[in-house]
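Work through the exercises below with the sequence and the coordinates at hand, and try each task before reading its solution.

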Amino acid sequence: MEQLIKDNEELKTQLTIIQEESKKNFIEELEKLRKQLKQEQLLKAQAVNKLAEIMNRKDNTTKGKSKVSSADLRRKEKECRKLQQELTQEREKYNQEVTKWQKELQELQSQVVDENASKLRLQMELDSKDSEIEQLQGKLTNLGSETASLSSADNDDTDIYTQESRLEGWLSVPNKQNIRRHGWKKQYVVVSSKKIFFYNSESDKQNTDPILIINL
């Protein structure tokens with residue numbers, strides 16, 4: 001029983017560490033992505049402003065001249081196309097970066113989901129071990145009563161308490177919502193004083209691997 005209590009405490013410590021690390025990593029990665037996005041938005045805005053400034057300057061220069069040679073006009077058109085091409089490239093680069101960040105964010109969210117599932121599994125293991133500890137404590141109480149040579153009536157009361165505080169056995173439950181189509185399935189159920197545990201098999205119970213826990 002001491003080993004079971006020790007394992008239970010270790011699982012609780014491990015669960016706390018996972019929760020803290022998960023929260024810290026998520027905040028750090030999210031802040032990093034926000035900074036990158038802000039930097040790229042700033043660079044894009046600077047590129048657009050620069051292009052607008054150049055185009056405005058060229059327009060003002062053109063207005064100051066009554067006549068523009070065809071060579072100058074072709075040169076200006078060439079420069080304009082070049083600037084438009086650079087702006088298009090910047091937009092494509094920006095869109096690629098946004099796509100990259102979205103992918104990283106999705107991966108981060110997926111990681112958070114996996115970590116939450118891991119924490120849930122650990123929590124269910126903790127609850128299952130708590131139930132085992134409760135059962136062992138009940139047995140120790142019963143054994144202590146017998147050792148102290150209490151009256152037969154007192155022993156009967158203790159047995160009744162132990163049985164009522166923890167029941168277990170096979171139970172048929174609906175396989176899915178549509179019982180007529182999917183029928184029933186058997187699960188091993190343990191009822192403690194605080195929770196009801198559902199297992200796929202007795203071996204899962206031995207491994208403290210419940211599939212569902214219901215609080216009473």
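This is a predicted model: local features need pLDDT of at least 70, side-chain atom pairs count only at pLDDT 80 or more; totals for chains, interfaces and linings use all residues.

Residues are numbered from 1 along each chain as its sequence is written, and side-chain values use heavy atoms, with hydrogens and water left out.

**Exercise 1. Overall fold**

Task: State how many helices and strands the protein has, give their pattern along the sequence, and find what percentage of the residues is buried.

Solution: Begin with the DSSP runs, where a helix is a run of H or I with at least four residues and a strand a run of E with at least two, numbered from the N terminus. On that basis the protein has 5 helices and 4 strands, and reading along the sequence gives the pattern α-α-α-β-α-β-β-α-β. Next, sort the residues by relative accessible area, with buried meaning under 20%, exposed over 50% and partly exposed in between, for a 1.4 Å probe and protein chains only. Of the 216 residues in the protein, 24% are buried.

**Exercise 2. Salt bridges**

Task: Find the salt bridges of the structure, and decide for the pair K205 and E168 which secondary-structure elements are linked.

Solution: The criterion is a side-chain nitrogen of Lys or Arg within 4 Å of a carboxyl oxygen of Asp or Glu, and the structure holds 3 such salt bridges.

1. R75 and E79 form a salt bridge whose closest N and O atoms are 3.2 Å apart. Both residues belong to helix α2, where 4 residues, about one turn of the helix, separate them. E79 counts as partly exposed because its relative accessibility is 26%, and R75 counts as partly exposed because its value is 41%.
2. R121 and E125 meet through their side chains at 2.9 Å, N to O, and this pair also lies in helix α2, 4 residues apart, or about one turn of the helix. E125 is buried because its relative accessible area is 15%, while R121, at 40%, is partly exposed.
3. K205 and E168 form a salt bridge with an N to O distance of 3.9 Å. This pair links distant parts of the chain, with K205 in helix α5 and E168 in strand β1 (residues 167–174), 37 residues apart. K205 is buried, since its relative accessible area is 11%, and E168 is partly exposed at 36%.

**Exercise 3. A nonpolar surface patch**

Task: Which residues form a nonpolar patch on the surface, and what accessible area do they have together?

Solution: Areas come from the Shrake-Rupley method with a 1.4 Å probe, and for residues only the protein chains shown count as cover. The patch consists of I211, L212 and I214, with about 230 Å² of accessible area together. I211 lies in the loop between α5 (202–206) and β4 (212–215), and I211 is partly exposed because its relative accessible area is 40%.

**Exercise 4. The largest pocket**

Task: Give the volume of the largest pocket, list the lining, and classify the lining residues.Solution: On a 1 Å grid over the protein atoms alone, a pocket is an open set of points where a 1.4 Å probe fits, with protein on both sides within 12 Å along at least five of seven lines, and lining residues have an atom within 4 Å of a point. The largest pocket has a volume of about 160 Å³, taken as the space filled by probe spheres set on the points. Its lining consists of D127, D130, S131, E134, Q137, S192, K194, K195 and F197, to which α2 gives the most, with 5 residues. These divide into 1 nonpolar, 3 polar and 5 charged, where Asp, Glu, Lys and Arg are charged, Ala, Val, Leu, Ile, Met, Phe, Trp, Tyr, Cys and Pro nonpolar, and the others polar.

Note on methods: Patches are made of residues with over 30% relative accessible area and no salt bridge: like charges are joined within 9 Å, nonpolar side chains (Val, Leu, Ile, Met, Phe, Trp, Tyr) within 5 Å.
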